[in-house]
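The following text walks through one structure, element by element. Please keep the sequence and the model in view while reading.

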Amino acid sequence: MKVFIAVDMEGATGIVHHDQLSPEGRGYSVGQRYLTGDVRAVIDGVTSVIPEATFVVGDGHGLMRNVILDELPAHAALVVGPSRPENKPLCQCEGVTTDTDVAILVGFHSMAGTPRGLLAHTFVGALVSDWYLNGKVVGEAEMDAAILGAFDVPVVLITGNSDLEDEVRSWFPTVPFVSTKQVLGPTAAICYPPAFTRPALQTAAAEAIRSHLQVAVAPYRPIPSSPASSTVIDIVMHRREQADKAVKAPDVQRVDDFTIRSTGTDPAEAFRKVWRAVAAAMDEPAAWMV
Ligand SMILES: [Zn+2]
């Protein structure tokens, strides 16, 4: 079995603040350990059911050099490096292939605009007000599940902040969800220690795989907004100037002052196009591109 693990950081064990999320922060090295512990627990859970399983871990937060490589087992590989469009056009999903069997999302957070959401944003907080997939506002978890679905890869487990669970249930009611912390607000949560979350994640990953082997989970396919188009992504940006820059990228259209659009035969194609526009819209090279 070939497993892809898409990794974000805001929803990892113990993470509540930007200080833990980028290398300048004093809490970053501890944050890296928490995040890596979550990833390792999920790998160990899957491996307990299928010892010959192999893993590709897509480091998908910020600079995308967060997961500590030497904490991963020999049967895992790590996709490291920033999600510039020429590097990783699928961002957090780079590394998935059509021969991947299942995907797991680790360390995810709620979408931009979530009331009292912990570190809530959608892909690029400085840029994205709302991200629409086929006319519906989505967060990173749903967008990634749709991209993975374009590769026929089902998501069998999602882990992250408690406020993400309702968001996930709205589009994927049956997916197992493990909460790493109980969210109180934008920068606070009741955190469960690694001594609790690691066994919980390991058990959930093992159960998710066992359950998938009994009744296969279907890849996620978002409902088209119109019969004519298979995938439409609209991004509403905070400022008109950002949309002005974004539309200079190829293959995107302007919808209104603040909104750009890409279309594609599937969510992966539409995402690749829009991601180039997102990169073009930054005022200066963003941290996640270097
Ligand atoms: Zn994120």
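Helix α4 covers residues 194-214, and at 1.5 Å a residue its 21 residues should span 30 Å; the C-alpha atoms at its ends are 30 Å apart, which agrees. The model is a predicted one, and the values here are computed from it.

Which residues of α4 are buried? They are Thr197, Arg198, Leu201, Gln202, Ala204, Ala205, Ala208 and Ile209. Viewed down the axis of α4, these buried residues fall within an arc of 165 degrees, so they line one face of the helix. An α-helix has 3.6 residues a turn, so residues three or four places apart point the same way. The face of α4 turned away from the buried side carries the exposed residues Ala195, Phe196, Arg210 and Gln214. The cover over the buried residues of α4 includes α1, β4, β7 and β8.

Three of these covering elements, β4, β7 and β8, are strands of an open sheet of 7 strands, ordered β3-β2-β1-β4-β7-β8-β9 with mixed pairing. Its edge strands are β3 (76-79) and β9 (188-191), each of which pairs on one side only. On average, neighbouring strands of this sheet are turned by 20 degrees against each other, direction ignored. Towards one end of the order, β2 (residues 54-59) pairs with β3 in the parallel sense over 4 bridges, and Val56 stands opposite Ala77 in β3.

Helix α2 (residues 140-150) lies across β1 (2-7), β4 (102-108) and β7 (155-161), and runs at about 165 degrees to β4. Helix α3 (residues 162-171) packs on the sheet as well, touching β4, β7 and β8 (177-185), and its direction makes about 120 degrees with that of β8.

Helix α1, residues 28-49, contains Arg33. From C-alpha to C-alpha, Arg33 and Met1 are 27 Å apart in space, and they are 32 residues apart in sequence.

Strands β10 (residues 231-237) and β12 (residues 259-264) run antiparallel and are joined by 6 bridges. Thr231 has Gly264 of β12 as its bridge partner, and Asp234 stands opposite Arg261 in β12.

What remains is the nonpolar interior. In soluble globular proteins, nonpolar side chains tend to be buried together. The largest nonpolar core has 87 residues, of which Ile5, Val42, Ala103 and Ile104 touch the most other members. Helix α6 supplies the largest share of this core, 8 residues. Which residues does Val42 touch, not counting those up to four places away in sequence? They are Ile5, Ile104, Val106, Leu201 and Ala205. Leu201 and Ala205 are among the buried residues of α4.

Terms used: Residues numbered from 1 in each chain as written. Predicted model: local features only at pLDDT ≥ 70, side-chain atom pairs only at ≥ 80, totals over all residues. Pairing = 2+ DSSP bridges. Helix = DSSP H or I, 4+ residues; strand = E, 2+ residues; numbered from the N terminus. Axes fitted to C-alpha atoms, helices over the stretch in contact; angles between N-to-C directions. Contact = placed C-beta atoms within 7 Å. Expected span 1.5 Å × (residues − 1). Buried ≥ 20, exposed ≤ 12 C-beta atoms within 10 Å, placed from the backbone. Arc of directions from axis to C-beta. Core = buried A, V, L, I, M, F, W, Y, C linked by C-beta atoms within 7 Å.
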